[in-house]
Amino acid sequence: MCFDFGTRMHRTPESRRPQLTRCNNGNTGVTYDQTSGTLSEGELWCVIAPQLQAGAAMHLGACDFTTEFGYDPDTGRIFHCMDDGCEASLCVDVPGGDASEGNVLWLWECVDGAESQSWDFQEVGMLFAVV
């Protein structure tokens with residue numbers, strides 16, 4: 001499965017939530033910029049999490065760099081640091097480990113070895129697919 005934002009038929013970006021979808025030759029439209037720490041769709045819309053807590057929903061919003069993400073290639077985690085030293089962080093997670101198509105992603109406490117928090121970049125750009 002891949003990481004995408006589902007249908008573009010919603011009227012506002014805020015109603016579009018990151019979700020699992022079938023991979024279409026690696027063309028999910030989701031990119032990760034290591035320099036800015038953004039997960040985005042195009043240049044205008046980024047993944048944001050208005051409430052930075054476990055179980056918080058994410059959605060598209062203006063790229064204002066308020067929700068920055070890191071990526072750990074050793075664990076496959078996409079994470080958000082909750083403090084300057086990154087002693088506490090939240091990870092992009094598949095709720096309940098249910099990798100069904102359309103399942104909406106959220107932020108959750110990072111758990112060592114959790115498959116629901118393991119992501120990998122595909123070779124077509126820097127697009128995400130669940131490992």
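For the classification of side chains, Ala, Val, Leu, Ile, Met, Phe, Trp, Tyr, Cys and Pro count as nonpolar, Asp, Glu, Lys and Arg as charged, and the others, Gly among them, as polar. The structure is a predicted model, in which local features need pLDDT of at least 70 and side-chain atom pairs count only at pLDDT 80 or more, while totals for chains, interfaces and linings use all residues. Residues are numbered from 1 along each chain as its sequence is written, and side-chain values use heavy atoms, with hydrogens and water left out.

The protein contains 0 helices and 12 strands; helices (H or I, at least four residues) and strands (E, at least two) are DSSP runs, numbered from the N terminus. The order of elements from the N terminus on is accordingly β-β-β-β-β-β-β-β-β-β-β-β. The protein has 131 residues, of which 43% count as buried. Here buried means under 20% relative accessible area, exposed over 50%, and partly exposed in between, with a 1.4 Å probe and protein chains only.

An open sheet is formed by 4 strands in the order S3-S4-S5-S6, with antiparallel pairing; two strands pair if DSSP finds at least two bridges between them. Strand S3 (30-33) and strand S6 (59-62) stand at the edges with a single partner strand each, so one side of each is left without a neighbour in the sheet. From one strand to the next, the twist averages 45 degrees. Axes for such angles are lines fitted to C-alpha atoms, for helices over the stretch in contact, and angles run from 0 to 180 degrees between N-to-C directions. Strand S4 (residues 38-41) and strand S5 (residues 45-48) run antiparallel and are joined by 2 bridges. Within this sheet, Ser 40 stands opposite Cys 46 in S5.

A cavity is a set of points, on a 1 Å grid over the protein atoms alone, where a 1.4 Å probe fits but cannot get out, and lining residues have an atom within 4 Å of a point. Grid points are joined across faces, edges and corners, and a volume is the space filled by probe spheres set on the points. By this rule, the count is 1 cavity of 30 Å³ or more. The largest cavity has a volume of about 30 Å³. Its lining consists of Thr 38, Cys 46, Val 47, Ile 48, Ala 62, Cys 63, Asp 64, Phe 65, Thr 66 and Thr 67. The lining of the largest cavity divides into 6 nonpolar, 3 polar and 1 charged residues. The largest share of this lining, 3 residues, comes from S5.

A further open sheet is formed by 4 strands in the order S7-S8-S9-S10, and the pairing is antiparallel. S7 and strand S10 (106-109) stand at the edges, each with a single partner strand, so one side of each is left without a neighbour in the sheet. Neighbouring strands of this sheet are turned against each other by 40 degrees on average, direction ignored. S8 is joined to strand S9 (residues 89-93) by 3 bridges, and the two run antiparallel. Across this pairing, the bridge partner of Phe 79 in S9 is Cys 91, and His 80 stands opposite Leu 90 in S9. S9 and S10 pair in the antiparallel sense over 4 bridges, and the partner of Asp 93 in S10 is Trp 106. Strand S9 is mostly covered, with 4 of its 5 residues buried.

At the S7 end of this sheet, Gly 70 is found in strand S7. Gly 70 is buried, with a relative accessible area of 14%. The C-alpha atoms of Gly 70 and Cys 81 are separated by 7.8 Å, the two residues being 11 residues apart along the chain. Asp 74 is found in the loop between strand S7 (70-72) and strand S8 (77-81). Asp 74 is exposed, with a relative accessible area of 76%. Between the C-alpha atoms of Asp 74 and Ser 118, 44 residues apart along the chain, the separation is 9.6 Å.

The structure holds 1 aromatic pair. The ring centres of Trp 106 and Trp 108 are 4.8 Å apart and the planes are at 10 degrees, so the pair is stacked. Rings of Phe, Tyr and Trp (its six-membered ring) pair if their centres lie within 6.5 Å; planes under 30 degrees apart count as stacked, over 60 as edge-to-face and the rest as tilted. Trp 106 is partly exposed at a relative accessible area of 23%, and Trp 108 also counts as partly exposed, at 32% relative accessibility.

Technical notes. 1 Å grid on protein atoms, 1.4 Å probe; cavity = no way out; pocket = protein on both sides within 12 Å on 5 of 7 lines; lining within 4 Å.
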